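Try each task before reading the solution.

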Amino acid sequence: MERKKSNVFSMRLKVARKAKKLSQERLGILAGIDEAAASARMNQYETGKYAPDLLMATKIAEVLEVPVAYFFIEDNRTYALLFIDSLW
């Protein structure tokens, strides 16, 4: 795990998790994190203390049914242009 300089990932993670009505623990377990560490690890990701590696970010994105890029594109407008508008 690496230190996170920006909170874009953590902010978007929290929004997507809440939209799916999942607890931090449940999301972590569904993403493959051991039950004993799932809640604490997801909390660290959401608070920005640590950022997951790309593999874990991909697993989390799959569970939340969002493109992994959703977690890294800072500008909502750019995200909308790349992903949301292309769905229509």
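**Exercise 1.** Which kind of interaction joins the side chains of Glu46 and Arg17?

Before starting, note that this is a predicted model, where local features need pLDDT of at least 70, side-chain atom pairs count only at pLDDT 80 or more, and totals for chains, interfaces and linings use all residues. Residues are numbered from 1 along each chain as its sequence is written, and side-chain values use heavy atoms, with hydrogens and water left out.

Step 1. Apply the rule: a salt bridge is a side-chain nitrogen of Lys or Arg within 4 Å of a carboxyl oxygen of Asp or Glu.
Step 2. Glu46 and Arg17 form a salt bridge, at 2.3 Å from N to O.
Step 3. The pair links distant parts of the chain, 29 residues apart: Glu46 is in helix α3 (residues 35–47) and Arg17 in helix α1. Helices here are DSSP runs (H or I, at least four residues), numbered from the N terminus.

**Exercise 2.** Are Glu46 and Arg17 buried or exposed?

Step 1. Take the cut-offs: buried means under 20% relative accessible area, exposed over 50%, and partly exposed in between (1.4 Å probe, protein chains only).
Step 2. Glu46 has a relative accessible area of 10%, so Glu46 is buried.
Step 3. Arg17 is at 9%, so Arg17 is buried as well.

**Exercise 3.** Describe how α1 and α3 pack.

Step 1. Two packed helices are described by the angle between their axes and the distance between the axes.
Step 2. The axes of α1 and α3 come within 6 Å and cross at roughly 125°. Axes are lines fitted to C-alpha atoms, for helices over the stretch in contact, with angles running from 0 to 180 degrees between N-to-C directions.
Step 3. That makes α1 oblique to α3; under 35 degrees counts as roughly parallel, over 145 as roughly antiparallel, 65 to 115 as roughly perpendicular and the rest as oblique.
Step 4. Contact means heavy atoms within 4.5 Å. Phe9, Ser10, Leu13, Lys14 and Arg17 in α1 meet Met42, Tyr45, Glu46 and Thr47 in α3.

How values were computed
Helix = DSSP H or I, 4+ residues; strand = E, 2+ residues; numbered from the N terminus.
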